[in-house]
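My notes follow in the order of the look-ups.

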Amino acid sequence: MFFKRKNISSLTDLEIIAAYRQNNDSEYISVLYSRYIDKAYGVALKYLSDREMAKDIVMEVYGQLGEDVVRYEISNFSSWLYVKVKNSALMRIRKEKPQLFVNGEKKDQVFMEIHDDGHHMVEEKVRLEDDLDQLKQCIDRLKEDQKRCVTLFFLEEKSYDLIHEELKIDLKKVKSYIQNGKRNLKICMEAALGKKDHAH
């Protein structure tokens, strides 16, 4: 077992995911998660400010990890895990402390994740009232296919394959719509926020 774990530990995140998909051996998931357990706990604690709740979220995410790495198209595990833990923490807050939310959004801020070229994550912090309206306007300006794919991918966290099945759109086109939609959305938001900065 020691030598097996040592060999698995030498693999990259994506190699471990690929190997797990092939043989469904939970040892791969254990090694993968051990690399990021501290980061996952730190993210959960940042949002929850409660050690026990943060531990619960980490265990919850770990329990779903085997199913998730098969279900989702993951190009950067570290970035994907950050979003997964953050969303789980916000869902817990929404359940435990509903007074902190208005219309499903956290009162003080809303976060928009943009996976740039599928390799790293850029997190834009958008202030809720004015900028959330601007974000909605930017989404509405996307071409219809881009808007549908981006909404399903980011807001509903559906994989490329699930979007392909749901919308009956060719898989390559789904990926293209999401990439182009993310780029256009980012350009639109940066332009809008830039105008506001100049106005001040």
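**Confidence.** I started with pLDDT, the predictor's confidence in each residue, from 0 to 100. The protein averages 75, and 71% of the residues score at least 70. I then went through the elements, taking helices (H or I, at least four residues) and strands (E, at least two) as DSSP runs numbered from the N terminus.

**Ground rules.** I noted that this is a predicted model, in which local features need pLDDT of at least 70 and side-chain atom pairs count only at pLDDT 80 or more, while totals for chains, interfaces and linings use all residues. Residues are numbered from 1 along each chain as its sequence is written, and side-chain values use heavy atoms, with hydrogens and water left out.

**H2 against H4.** At what angle do the axes of H2 and H4 cross? I read roughly 95° for helix H2 (residues 13–23) and helix H4 (residues 51–71), with the axes coming within 10 Å. Axes here are lines fitted to C-alpha atoms, for helices over the stretch in contact, and angles run from 0 to 180 degrees between N-to-C directions. H2 and H4 are therefore roughly perpendicular to each other (65 to 115 degrees). I listed the residues that meet: Ile 17, Tyr 20 and Arg 21 from H2, and Gly 66, Val 69 and Val 70 from H4. By class, this contact has 4 nonpolar, 1 polar and 1 charged residues. The nonpolar class is Ala, Val, Leu, Ile, Met, Phe, Trp, Tyr, Cys and Pro; Asp, Glu, Lys and Arg are charged, and the others, Gly among them, are polar.

**Single residues.** For accessibility I used buried for under 20% relative accessible area, exposed for over 50% and partly exposed in between (1.4 Å probe, protein chains only).

- I found Asp 56 in helix H4; at 41% relative accessibility Asp 56 counts as partly exposed. Its C-alpha is 9.4 Å from that of Tyr 41, 15 residues apart in sequence.
- Tyr 177 sits in helix H9 (residues 171–199) and, at 21%, counts as partly exposed. Not counting residues up to four places away in sequence, Tyr 177 touches Asp 145, Gln 146, Cys 149, Val 150 and Ile 169.
- Asn 87 is in helix H5 (residues 77–96) and counts as buried at 18%.

Notes:
Parallel < 35°, antiparallel > 145°, perpendicular 65-115°, else oblique. Contact = heavy atoms within 4.5 Å.
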